[in-house]
Amino acid sequence: MSDEDITLTAGDAEVTVQPGNGGRVGGLRVGGAELLRQGERFGCFPMVPWCGRVRDGRFRDGATVQQMPLNSPPHAIHGTVRDGAWRVARRSADEAVLTYDLVEPWPYPGRVTQVVALAEDALTLTMAVETYGSSFPAQIGWHPWFNRTLDGADGERVRVAFDPAWQEERGDDHLPTGHRIDPEPGPWDDCFGMPDGVHVTLTWPGRLRLEVTSPEKWVVVYDEQEAAVCVEPQTGPPDGLNTHPRLVTPLEPLEATTTWRWTRL
């Protein structure tokens with residue numbers, strides 16, 4: 001296990017990977033401009049084995065009800081792996097492969113593998129969850145905090161553009177009600193459906209355009225904080241362990257990927 005940060009480079013792009021801090025991407029710099037909010041809990045962290053909130057921290061697996069710690073009372077939020085230290089399986093100048101063995105409070109043995117691959121114009125994140133024994137429900141997602149401006153308080157604010165097919169109606173408890181509604185204007189802390197795959201464009205006027213894409217069909221957009229905007233591709237909606245469970249089996253791991261591709265303006 002390594003707590004040392006890893007720096008990946010490709011062209012004038014540079015990524016910091018933090019195995020000891022939840023396997024997160026701690027920074028992404030393009031031409032010297034930092035795209036991710038800095039800080040121990042920010043950057044971009046992996047959400048596994050669930051994404052967003054789980055209602056009351058409980059989910060059902062067959063006849064068994066599992067209880068997760070309520071780290072965002074009254075719910076459990078964002079999985080368990082962001083709190084642990086990951087192992088470095090291998091690394092090169094532009095790629096790092098990290099692994100994390102699922103441990104308590106998650107009740108099922110398994111392993112998460114994350115690949116962080118940098119190119120001159122893109123960062124690709126890939127994750128897989130596999131089981132060592134019994135099958136279990138799981139989700140995969142990423143939670144990046146993109147800086148609202150690239151030039152401090154004087155910079156132009158990022159513009160977020162996307163065209164979802166629907167928005168998950170959000171209840172007072174911040175969880176989807178199960179109803180789909182027409183997309184509403186922000187500010188958002190909301191989940192959207194994009195059945196042809198996630199495609200969200202962030203534009204810092206005059207500086208950079210970043211396209212966040214994923215074959216997955218769900219994205220949470222959160223822009224209620226002044227410092228940053230979050231665009232979170234994931235394999236299901238919040239509370240998905242209960243409403244849209246994806247089963248990890250000995251023969252079929254759960255896999256997901258997202259790519260951030262940038263263009264200078």
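The model is predicted, and local features accordingly need pLDDT of at least 70 and side-chain atom pairs count only at pLDDT 80 or more, whereas totals for chains, interfaces and linings use all residues. Residues are numbered from 1 along each chain as its sequence is written, and side-chain values use heavy atoms, with hydrogens and water left out. Strands are DSSP runs of E, at least two residues in length, numbered from the N terminus.

Strand E10 pairs with strand E11 (residues 95–102) in the antiparallel sense over 4 bridges, where pairing requires that DSSP finds at least two bridges between two strands. A hairpin of 3 residues joins E10 to E11, and Arg 91 has Ala 96 of E11 as its bridge partner.

Thr 249 is situated in the loop between strand E24 (246–248) and strand E25 (254–264). Leaving aside residues up to four places away in sequence, Thr 249 touches Thr 131 and Ser 135, contact meaning heavy atoms within 4.5 Å. The C-alpha atoms of Thr 249 and Gly 11, 238 residues apart along the chain, are separated by 39 Å.

With a disulfide defined as a pair of cysteine sulfur atoms within 2.5 Å, the count comes to 0. The sulfur of Cys 51 has its closest cysteine sulfur in Cys 191, at 9.4 Å, which is too far for a bond. Cys 51 is buried, with a relative accessible area of 0%, and Cys 191 also counts as buried, at 3% relative accessibility.

Methods
Buried < 20%, exposed > 50% of the residue type's maximum accessible area, 1.4 Å probe, protein only.
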